[in-house]
Amino acid sequence: MALDKEIFKEELKQRLRENYAMELEDASEQEIFYTLGALVKARYSDAWRDTWKYYVDKNKKQVYYFSIEFLPGRMLKSNLLNLGILDTAREALTDLGIHLDDLAEVEKDMALGNGGLGRLASCFMDSIASGGFPGNGNGIRYDYGLFKQRFVDGYQVELPDEWLQSGNIWEVRRESKAVDVRVGGHVYLAETNDGKLKPVYENERVLRAVPYDTGMVGYENNVVNTLRLWAVEIPDSEEDKYQSIQGRRELEDLTAVLYPDDSNEQGRLIRLTQEYFFVSAGIQSIIRHYKKWFQKPISKLSEYVSIHINDTHPALCVPEMMRILIDEEELSWEQAWDITVKVMSYTNHTIMAEALEKWSIDLMQRTLPRMYQIMEEIDARYVQTMQELHPHDLVERTRIIRNGQVHMAHLSIIGSHSTNGVAKLHSDLLKSVVLHDFYIIYPDRFNNKTNGIAQRRWSQIVNEPMSNVLDETIGKTWRQDSGDLKLLRNYQSDQAVLEKLAEAKKINKQKLADYILGTTDIEVSADAIFDVQIKRLHAYKRQLLNLLHIIKLYQDLKENPSLEMQKRVFIFGAKAAPSYHYAKVIIKCINETANLINNDPDIKDRIKIVFLPNYNVSLAEKIIPAADVSEQISLASKEASGTSNMKLMLNGAITLATLDGANVEIRDAVGDDNIYIFGLTEKEVYEYYENQEYSAQRLYDENAVIRRVLNAFIDGTIPNIVYEGREIFDSLIKYNDEYFLLRDFDSYVEAQEEIDKAYGDQTFWQKMSLINIANAGRFSSDETVSRYAEDIWKIESKDSFVTEKG
Ligand code: GL7
C-alpha cells in the first residue's frame, strides 16, 4: 500500500488534534511519537486481522514460539520499513520540521531479554512474518525489562527499566482472552462416577493471565502475526483472598521483573512460577483457539499446531500439554504422549552446565504439584521403555528425575521430536559430548539450525550510508533478499566502490564518536580503528583477554613512545548479571584502566577505551555500523553461536575470533584471508580437560609479557582496584585461569598485531570489509526460520498460500 506524503501529514495532524487537542507546533516529541505510533498501528490493523482470519479459514498449521525472553528493541522504524513507508514517513516528517531519527529515540526499548537468546527470538518473529509463515510468539509481559546500567566510580549500578511508564503504543490488551493458571496447593487423584481418575485440587492459588498482543509486521507482504505476552492479575473469584496490599503485591510481582541472569539458574520460586505461568496460559489459549476455530478433533492437534521450546525455560510445555490432553480432553496417556511429542520441538542454546536448568523435587512438588505428578509418570514410562533397549547406566543418566532434581533439558528432549543446536560446532558438541547419551537413544531427533539475524534491521535501518552504497552498486534486490549481497563480490577490486564503502563507514564512525563524546566526555578520532566487543559480560566471553591486550599495548607505549601503531579505540558494551560478582569486577577493572589510559598524556589519543553504559539493542544499533573490528574471543566450545558476530560482519567489520560457535561458519563464508583467527580449537580445549595439565602458573612464570601485564593488576599500575585487581590476578593464577586466557594470550596478541598492520593498508582493509558484507547474506534469520519451518515445524510459507489464494 503506497502512502501519499501529503495524506500522511494531514493524518498525523488530524490524529494529534483528536487525541491531544493540539496543533503540531505545540506538541512535544513524545506526543508526536505516540500519535505516529497509533497511525502506524492503524495501517497494519486490517492486515493483522486478515492474517489471523486467513490462517483460521484455511486451517493453516501454526507454530507457537515459546520464549521467556523477547528483545525487540524499538519498533517504530522496523514497522515503517516493513510496511514499506519508511521513506515516505521520513520525508513527510522532514517537511514538518521533524527528524524521524530524533523522534524514534523517544521510544523506550522493549528489553524483555538478557542477550542473544531473547534477541534471536525477536529476529525470528520478524523473519517468520516476513517469510509469510503462520507463527506467533508466546512470552511474559514483564513490567520491568532488563535493568538500566550506570557506572558510579567505575562500578556497575543497576536501575529499574520502567519501559511501560508512558504506555506501550504497540500492544493491545485482550482481556476477553484471559485464562486462569493454577499453582501451589495439593493435588490428588479421585475416581469419578464413570470410573475415571481425575485430579482434585486443594488450596491452590488461581492466577489470572491476561494477554497483551503485539503485531509482528512482515516485510512488505501484508502478513502480520502476533507476539502474545502474558501479565498476571488477580481473578475476581480470588479477590477475597488478597485483601492486604502485601498479598496483592506478592502476586502481582510474578510478572514484574525479568530475571537478569542469562546463565546461572537461580533456583528461585518466582522464576519457576513464571515459567509455568506463561506456558500454561499459552497452551490453554492455543487449545481453546484450536477447538473454537479449527473444529477438528483434538487427536489431530499435531497436524495444526507446532510448539517450540526456546531453551529449557518453557520445558513445562511437555507436562502441561499432557495435563490438558489427559485431565481435560480425556485422552489416553499413550494418545496424549504421541500428540505431545509430535507437537513439541526444542532448541538448546548453551553447553554451560550451570545454565542447564534443574529444579529440586521438593520445590517442584510444592509449586506445581500436578506438573510433578505428570513428570514422574513420564519419567517412569521412559525408564520402562528404554531399559529394554539400552544399558541401565545410560537410562539412569538420562532420566528426567534424578538425584533429587528435575532435569529440564532431559524433559525437553524426551518430550519433543526435535532437538537442535544453534551453530554447526555447537550442534556437533551436543551430539558428541554434552547430550551424547541422548544422541545414542534418539539419533534422529538431533539437528543443527545455525542462528541468523534480521538482516533488514541490521543493515537498512541501522546503516543508511552503507545501504545507499549497496543500492548504487548492486541494485536494490538485496533489501528483500539478503542472499543478493553476494553481488558485491564482483566489486572487491573496484577502487571507487571500496572508497564509497569506506566513506560510509567514516560517517558512521563520526556519528558514534559524537555520541561517545556526548555520553562519556571522551573524545575519540574517527580515524582510529574502532575495535568493538559488545555482549553480556561473562568470564567465558573473555572481555578480560581483551583488557589484558590493551594493558600490554599501554605498557609497550609507555616503554617505547615511538612505537609505531595504528590509533585504536576499544569500545565495550556489556551488562553483568547483578549477582555475578566476578563479571562486575571485570567491569570495574576495564573502567579504571580506561581512566588511566584515556588521561595519560604520554598516550594521547593513540589508545582510547570507551565502556558505553547500558548496552541494549538501541545502543547496538549505534555501535555496529561504526565498527572496524568485531571481537568474538570466547574460549572455543563455550559460545553456542553468537549473533552479534553476524551483525558486525554484515556492517563490514572484520572478525577477530576463536573457532567457536558461528565464528567457524563466518570463516567458511569469508575465507581465511578475510578473518583473524587465533587461539585453541575446541578439540585442544577438550584435550586440556582430559589431561588436566593446564598450568596458568607456568605460563606466568615463563612468559615475561604475561607477567608484566598481570602484575599491573596488583602493583598499583592501574589505580583504584586494590581488591578487584587482586581478585582478577588470583582468578588467573591461583585458580588456574578457568577459560585459558593466558594460553590464548600470545596468539591473540599476534592476531591483533596483524590487524594493526592490515589497517595500515587501507585498500587491503576495505577489500576485506567488502568481502565480509558480501558474504553475510547466509546468516539471515529468514534463512534460519525457513529451515525450522521445513524440517521441524512443518509449516507452509506465504508462497504456497498465495498460489492457493489464486
Ligand atoms: C545464548 C548463547 O550464549 C549464544 O551463543 C547464542 O547465540 C544465543 C542464541 O542462540 O543463545 N544462550 C543463552 O543462554 N544466551 C545466549 O545468548 C543468553
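## A bridge to start with

Glutamate 105 pairs up with arginine 74 in a salt bridge, with the closest N and O atoms 3.7 Å apart; the term covers a side-chain nitrogen of Lys or Arg within 4 Å of a carboxyl oxygen of Asp or Glu. This one links distant parts of the chain, 31 residues apart: glutamate 105 sits in the loop between helix H5 (100-104) and strand E3 (110-112), arginine 74 in the loop between E2 and helix H3 (76-82). Helices (H or I, at least four residues) and strands (E, at least two) are DSSP runs, numbered from the N terminus. Search the whole structure and you get 60 salt bridges.

Keep in mind that this is a predicted model, where local features need pLDDT of at least 70 and side-chain atom pairs count only at pLDDT 80 or more, while totals for chains, interfaces and linings use all residues. Residues are numbered from 1 along each chain as its sequence is written, and side-chain values use heavy atoms, with hydrogens and water left out.

## Two domains

The chain is assigned domain 1 (58-74 + 109-451 + 786-805) and domain 2 (455-777), with bounds from an automatic or database domain assignment. Their C-alpha centres are 35 Å apart.

## Where they meet

Contact (heavy atoms within 4.5 Å) involves 43 residues of domain 1 and 46 residues of domain 2. About 3500 Å² is buried between the two, 53% of it from carbon and sulfur atoms; that is the accessible area (1.4 Å probe) lost on putting the parts together, summed over both.

The count of salt bridges between domain 1 and domain 2 is 2. Glutamate 158 and lysine 584 meet in a salt bridge through their side chains at 2.8 Å, N to O. On the domain 1 side, strand E2 (70-73), helix H6 (116-130), strand E5 (148-152), strand E6 (155-159) and helix H16 (424-434) each supply at least two of the residues touching domain 2. H6 gives the largest share, 6 residues.

## Aromatic pairs

There are 22 aromatic pairs in the structure, meaning rings of Phe, Tyr and Trp (its six-membered ring) with centres within 6.5 Å; planes under 30 degrees apart are stacked, over 60 edge-to-face, the rest tilted. Tyrosine 689 and phenylalanine 740 have ring centres 5.9 Å apart and planes at 50°, so this pair is tilted.
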